[in-house]
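Please study the sequence and the three-dimensional view below before reading on. The paragraphs that follow lead through the sheet, its surroundings and its charged pairs.

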Amino acid sequence: MVQIKLKWNKEEFDVEIEEGSTVEVFKTQVWTLTSVPVDRQKYLGFPGGMLKDTDNLTEKVAKLKPGAKVTLMGTPEGKELKAPEEKVVFEEDLSPEEKAKILKEKKVEIPPAGMKNLGNTCYMNATLQCLHCVKPLKEALQNYTPPAAEARDIDSVLTAQFRTVNQQLESTTDSIVPMQFVMALRQRFPRCR
């Protein structure tokens, strides 16, 4: 009977191997000590490389140097890696609308959305973004209901478009195109080109 030192994780075991024992019997013996199933066991430290099921165990053990340790690598039953319970979603995979929705749900301030420059509209865009930050104005726009179609004038159309721009700024982290607002603004103020 030969005794070898087996190291696994931070534990060490003294394993007794009987003369003429097979690799399968050895692996079963180790399984009872560590709960690592036979098919998951990998051994390092035996002369000639990793221990294979076809190896002659007696010869392998005889070639070990006195005091040498054999290392077991393997995961015990019940400690296997498991798939995440809920699907992991990365920020990069979200659309700007989904990102804005999640930020709103978590009560995180949404980074301001950009606005596309439609020719000569950079000052208008900056003004709209500043006005978007005025809370009383934002609340008034949310509560605004435009008049019926027959009673609508250009001022009510401009206000409705301003409300739409504010809603778009709230609902995305991507840039928006305020085309309808620009058209209404130019209709109301023809000199604004």
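**The sheet and its surroundings**

Four strands make up an open sheet in the order 2-1-4-3, and their pairing is mixed. Strands, like helices, are runs assigned by DSSP and numbered from the N terminus: a helix (H or I) has at least four residues and a strand (E) at least two. Two strands count as paired if DSSP finds at least two bridges between them. Strand 2 (11-17) and strand 3 (42-44) are at the edges with a single partner strand each, so one side of each has no neighbour in the sheet. On average, neighbouring strands of this sheet are turned by 35° against each other, direction ignored. Such angles are taken between N-to-C directions and run from 0 to 180 degrees, the axes being lines fitted to C-alpha atoms, for helices over the stretch in contact.

The model is predicted: local features require pLDDT of at least 70 and side-chain atom pairs count only at pLDDT 80 or more, whereas totals for chains, interfaces and linings use all residues. Residues are numbered from 1 along each chain as its sequence is written, and side-chain values use heavy atoms, with hydrogens and water left out.

The strands can now be taken pair by pair. In general, strands of a sheet pair through backbone hydrogen bonds, either parallel or antiparallel. Strand 1 and strand 2 pair in the antiparallel sense over seven bridges; within this pairing, Gln3 has Glu16 in strand 2 as its bridge partner. The two strands form a hairpin with two residues between them, and Asn9 in the turn has a positive phi of about 55°. Strand 1 (residues 2-8) also pairs with strand 4 (residues 69-73), in the parallel sense and over three bridges. Here Lys7 stands opposite Thr71 in strand 4.

Which strands does helix 1 touch? Helix 1 (residues 23-34) packs on the sheet and touches strand 1, strand 2, strand 3 and strand 4, and its direction makes about 145° with that of strand 2. Contact here means heavy atoms within 4.5 Å.

**Charged pairs and the surface**

A salt bridge is a side-chain nitrogen of Lys or Arg within 4 Å of a carboxyl oxygen of Asp or Glu. By this rule the count comes to seven salt bridges. One of them joins Lys5 to Asp14, with the closest N and O atoms 3.0 Å apart. Another links Lys69 with Glu12, where the closest N and O atoms are 2.7 Å apart. Lys69 lies in strand 4 and Glu12 in strand 2, so this pair ties together parts that are 57 residues apart in sequence.

Are Asp55 and Lys60 buried or exposed? These residues form a salt bridge with the closest N and O atoms 3.7 Å apart, and both are buried. Buried means under 20% relative accessible area, exposed over 50%, and partly exposed in between (1.4 Å probe, protein chains only). Lys5, in contrast, is partly exposed at 34%, and Asp14 is partly exposed at 45%.

Leu44, found in strand 3, is partly exposed with a relative accessible area of 36%. Arg191, in the segment after helix 7 (179-188), is exposed, its relative accessible area being 86%. Arg191 and Gln3 are 188 residues apart in sequence and 97 Å apart in space, C-alpha to C-alpha.
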